[in-house]
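Biologist: I would like a close look at one part of this model, the interface between two chains. Please take it step by step and state the cut-offs.

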Amino acid sequence: MPSVAEFELRVLLTVLRCGESGYAAAVHEDLEARSKQKTSVGAVYVTLDRLERKGLLESTLGEPRAERGGRARRHYRLSKRGQDAVRLECRTMQALWRGLGVVEERR
Amino acid sequence: VTGPVPAFAVWLVRLAVRPELADDVLGDLEATWRAETSRWAAHRRVFAVAVSVAWHGWREGRLGRPSFRATADDVAMAFKSVVRRPRLSASAALTLAIGLAASTAVLTMARSVFEGALPYPDSNNLVHVYASWPGGFGNLSYPDFAAMRAATPALDDLAIYETWGSIGLGGGDRPVALTPTFVSPRYLPLLGATAELGRLFDASELGPAADGTVVISDGLWRRRFGADPQVIGSSVSLNGRPFRVIGVMRASFTSLTELGEKAPDIWLPVAAAEPLLGQAPITQVARIFWVLGHRAPGASIDLVRQQLDAVAARLARERPATHAGYRLEGQSLVSFLNGAIERPSRVLAAGAILMLLIGCANVANLLLARATERRGEFAMRVALGASRGQIVRQTLIEGAIVAAAGGVTGLIAAAALIRVLAPFVETHISPFVSVSGSVTAAGIAAALAIVAALLVGLAPAFAATRVDLVRAAALTGRGQAAPGRHRVRGGIVIAEVAVSVVLLVGVGLLGRSLQRLLTSGVGFPTERLLTFRMDLTGDRYVTDQSRIAFSRSFVEHVQASPAVASATIWGPSMLGRATWVTSVLPEDRPWSRPEDFVQGSFHLTSPDGLQHLGIAVLAGRDIGAIDTPTNGPVAVISESVVRRFWPDQPLAAAIGRRLRRPNPALPFFTVIGVAADARHRNRYSLGDIAQGIGALGLSDQRDLYLPYVQRPVHAMTAAVRLRGDASTLADVRQAVAAVDSDLPLEDVQMLDQRLAEQSTGLRALATVMAVFSAMAVVLAGVGLYGALANVVHERTREIGVRMALGARRGSVRRWMLGVGGGLVVPGVLIGLAIATGLSFIVRSLLYGVAPLDPLTFGGSAAMVLGMAFIAVGVPVARAARIDPIVALRDQ
């Protein structure tokens, strides 16, 4: 299982949340809105690309669109490995956080 | 926002990330670009995204293109290497910057001068025509114009005009003096003039026989008529004749007047010149007009000239008495108006290119120095598997960094320089030039500089990789240059020295020439000399008698004022700007050919006029009270006229001789005296220079001084020598008022001030030149220092060896100075030789300075030698002080 860096995890989670509309611009927008942090758009592009090369994301091309100069949008979704990685990461984090009392927990 | 996404953003994205990702990003960019409503916001957003992608793509490395990553490494490394030798890098960048700034600014100015900025429609096709004949040039007559109109199909539109004389507006005892321009039907339409109010002339009002209508200037309309629209259709009195005002000229109309000349107040039909100014009917041969023409579509200026030549040749054949040797000269209106500054601009432009060359040589020098120094390093890298291409690339990137730093600085400086230069040129040099920085021109200059620098740098870069690995590695990697390298470096130093000398000689010659022009006196003391014009045009001055009486009374009253040392009637021209000419010939000479006559300015003076002005009478006597209206005409002539007519005889031989005029009806002048030459013509008339004949005010001074009483014209000027300063002007006014309380003094000015104003354009040009020369000197100095200091620096190890072997510091110094001298002296000699060859090109621009002026040549050579001495001396002194052991170990 490839390791997932912190920013990569954020991107993966946002792609997951975006579902059908998981293309770069939407991911960037959602990530900024939810994390309430300014995020570099270049970093999002490059990270999406990297995650795909790592096999954590899969992408398909949509229909060519006039407003994009006839270019298609690339839609990302989590691959099987990506889902596993997110789940693993989540479990690990939960295990590490548990019992520290830093955030509210539900038993 | 429509249109394509900026190419640079696209390029950046494609460079930074792999193609699949790039496509996705570009799609988003496109959408962003189209979604924005303002261009500026669209640019900002698109570039923000592109830069962000490029940055992250570069950091990503593995994802970004491998070559981009490598280039980034190269750039970083090249940066370090440039920064490691700050002085060398800065000197190269700085000289490139100075060279680029000066050359861009000067080339921009020169381009603006050549192109001109005429506020007229289709001005590129406007042609100015004047006449020339052996010994002179000037206006055409109406019949010449008529002959020309019929025979020059290359000009599809033609007009004549002349701004000349002075006309009194208002009649009665107190007319206002106005400057008129007399025009033919097509003149105003050719210049695109339009009326602000009313209308301009129509063809029927401008025929050779018509008069009675006038167009007034916007200034006059506001000044004199309170901007009253009712003025249209009203009648005004001009020199006592009724004229109907038909229009007010648009305020923005620029008339064809020289800088410093008064713009016209009124426009009149050419036919009005006859009754108003007492001119001969315009259908006769008086040569009083300039011609303005419009080139027919497809007709070249050469074709125009051919047709003008044919017309002139026919005139000369048909009317040999008046037209022998006659020529009609056509030139574009732009070069007529800007001609005087065209040639200096050309020389400046050539100098600018030399400066750019020096800047380029400096960058090349830097690259060479670096390559030489790092031979060992390169050898090591090649041995470790680096490709030669990589090393060449890195060397080139280093050059590019220095060139870019110099280029950007230079362009910023150029923009600032142009910003300062533009209003300066427009105000002081020519209103018909609009200096505006062109991004294209600056870009081309910058690109040229950088490409040149890199091209020159390429050779050493390749040479650097052709190294003998074993030998290079054995040389502990540094310091030793191969002999061949020295030859290349030496060649560049010699070339740089030579170019510096040529540059300095060029600006030196022009500078000295301008200085001579500006300091040339007029031949008599000009201090405290008050000058003004009085137009004796009212009812009171209709008869000759009345004007003669005024002239006598004026001198008497003004001279009686305690503030006045002397008072002189002058005229009809203003002192310092003689424009009235007459032609004379000794009565015993054959006068079959008009060119036998000599054209001279004439001045009408009151008794003792020359003495009052301070012009020496060399033989005979001054104009005196004994010269009455009836016992003439007599004349005092200038020394140059005597030398022209009687070259081998003493000046006194001219006394008593008689001079005839071309019009056989006029009586002969009897010469009563010979005066020293004095400069009465405008010394710097751009018009004169534009004709390519040299300013008349600077050549032989041919003048005739005549008693006013024998030719009592209406246009009178006066020269009053004050005891105090101009604050005593009130006393003078009072004295004049005692003679005629209603007579206005026009154009009142101290002569010194008048003369200073004449030289404004020239001074401005001299200032531009001085700034340019200063930059040239700094550039040459910095360049020489960089180049020579490097030569010395490289030999530090050798110095160490010599000193370790027992050489004394003195001998080391001498030896190094010898090495430097071996480069500088041939450079100076070559430079002087080239300058000698080129100096004849600028010959026609020089005044009072020989093309081979020893002072300029010597001074330039000395200056370059001095700078070279410092450039060699400082590092040599430093090298000689170092401990040989340290030098050996360090190297």
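How many residues of chain A are in contact with chain B, and how many of chain B with chain A?

Modeller: This is a predicted model, in which local features need pLDDT of at least 70, side-chain atom pairs count only at pLDDT 80 or more, and totals for chains, interfaces and linings use all residues. Residues are numbered from 1 along each chain as its sequence is written, chains are lettered from A and ligands numbered from 1 in the order in which they are written, and side-chain values use heavy atoms, with hydrogens and water left out.

On chain A, 21 residues are in contact with 21 residues of chain B (contact means heavy atoms within 4.5 Å). The two chains bury about 1,800 Å² between them, and carbon and sulfur atoms account for 52% of it; buried area is the accessible area (1.4 Å probe) that two parts lose on being put together, summed over both. Of the area that chain A buries against chain B, 34% comes from A:Tyr45, A:Arg68 and A:Arg71, more than from any other three residues.

The rule finds 5 salt bridges across this interface, a salt bridge being a side-chain nitrogen of Lys or Arg within 4 Å of a carboxyl oxygen of Asp or Glu. A:Arg68 makes a salt bridge with B:Asp24, with 3.2 Å between the closest N and O atoms. Side chains of opposite charge can pair when their charged atoms come close. Over all chains, the structure holds 31 salt bridges.

On chain A, the elements giving two or more residues to the side that touches chain B are helix H2 (24–35), helix H3 (41–54) and strand S2 (71–78). Helices (H or I, at least four residues) and strands (E, at least two) are DSSP runs, numbered from the N terminus. H3(A) gives the most, with 9 residues. By class, this side of chain A has 9 nonpolar, 3 polar and 9 charged residues; Ala, Val, Leu, Ile, Met, Phe, Trp, Tyr, Cys and Pro count as nonpolar, Asp, Glu, Lys and Arg as charged, and the others, Gly among them, as polar.
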